[in-house]
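Please look over the sequence and the model shown here, and then work through the questions and answers that follow.

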Amino acid sequence: STTFILGAGASRDAGYPFAKDMGRGLLSWMDQAQPEGLCDFAGSASFLRETFADAEDIESLLEQMEQLTSLSTNAPQEERMLAARIANVDGPALLHGLRRWFEQINRTTPNSSYRQFADEVIQPNDTVVTFNYDTALDKELKRAGLGEAGDGYGFKIESLPATSRVDTFKLHGSIN
């Protein structure tokens, strides 16, 4: 058996952004997205840009949002109100927007490299160690009859099919 190690660039062909481009891409997607339920994506994107200087740097944005929402109860009223808005309105919109954006990428971008990998390279009993958070490879392994969520990640999940012929270890977790 062979172990394949996939770095962060492996998902580019499937349309997923590098982390350094994620904030800009997500906020741009939110600018164009229609509201869903309580999520006004465009309004939240605008608010986040106005509120946080580095909003297009996703790591900086998330760190600043975390700091703000973990204020003590002794913080000034204005800061607590801002923290409440981030925790209850714009943070959930950002998270839901990220999920929807990735769903769109997954549905609309052909992932020819992963398809070729699943069809022509990887074999039963091989292992993939990946640093990618997306599900494009997972989808292609399932399509090729090599991967299932029920046992393909190195552990069994009782209620899901357990017929994986390849193990996938996602060191950064997964959006699924």
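Q: Which helix gives the largest share of the lining of the largest pocket?
A: In this predicted model, the largest pocket is lined by 21 residues, of which Ala19, Met22, Ile58, Leu98 and Tyr133 lie nearest its centre; a pocket here is an open set of points on a 1 Å grid over the protein atoms alone, with protein on both sides within 12 Å along at least five of seven lines, and lining residues have an atom within 4 Å of a point. The elements that give two or more residues to this lining are H1, helix H3 (58-69) and H4, where helices (H or I, at least four residues) and strands (E, at least two) are DSSP runs numbered from the N terminus. The largest share, 4 residues, comes from H4.

Q: How many nonpolar residues are in the lining of the largest pocket?
A: Ala, Val, Leu, Ile, Met, Phe, Trp, Tyr, Cys and Pro count as nonpolar, Asp, Glu, Lys and Arg as charged, and the others, Gly among them, as polar. By these classes the lining has 4 polar and 3 charged residues, and its nonpolar residues number 14.

Q: Why are H1 and H4 described as roughly perpendicular?
A: Helix H1 (residues 19-32) and helix H4 (residues 77-108) pack with their axes 10 Å apart, the axes being lines fitted to C-alpha atoms over the stretch in contact, with angles running from 0 to 180 degrees between N-to-C directions. Angles of 65 to 115 degrees count as roughly perpendicular. H1 and H4 are therefore described in that way, since they pack at an angle of about 90°.

Q: How many charged residues does the contact of H1 with H4 have?
A: Contact means heavy atoms within 4.5 Å, and residues of H1 including Met22, Leu26 and Trp29 meet residues of H4, among them Leu98, Arg100 and Phe102. By class, this contact has 10 nonpolar and 3 polar residues, and the number of charged residues is 1.

Q: What is the volume of the largest cavity?
A: A cavity is a set of grid points where a 1.4 Å probe fits but cannot get out; points are joined across faces, edges and corners, and a volume is the space filled by probe spheres set on the points. The largest cavity is lined by Tyr114, Thr130, Asn132, Asp134, Leu137, Asp138 and Lys170. Its volume is about 30 Å³.

Q: Which residue is the bridge partner of Val128 in S3?
A: The 3 strands form an open sheet in the order S1-S2-S3 with parallel pairing, where two strands pair if DSSP finds at least two bridges between them. Strand S2 (residues 127-130) and S3 pair over 4 bridges. In S3, the partner of Val128 is Thr168.

Residues are numbered from 1 along each chain as its sequence is written. Because the model is predicted, local features need pLDDT of at least 70 and side-chain atom pairs count only at pLDDT 80 or more, while totals for chains, interfaces and linings use all residues, and side-chain values use heavy atoms, with hydrogens and water left out.

Note on methods
Parallel < 35°, antiparallel > 145°, perpendicular 65-115°, else oblique.
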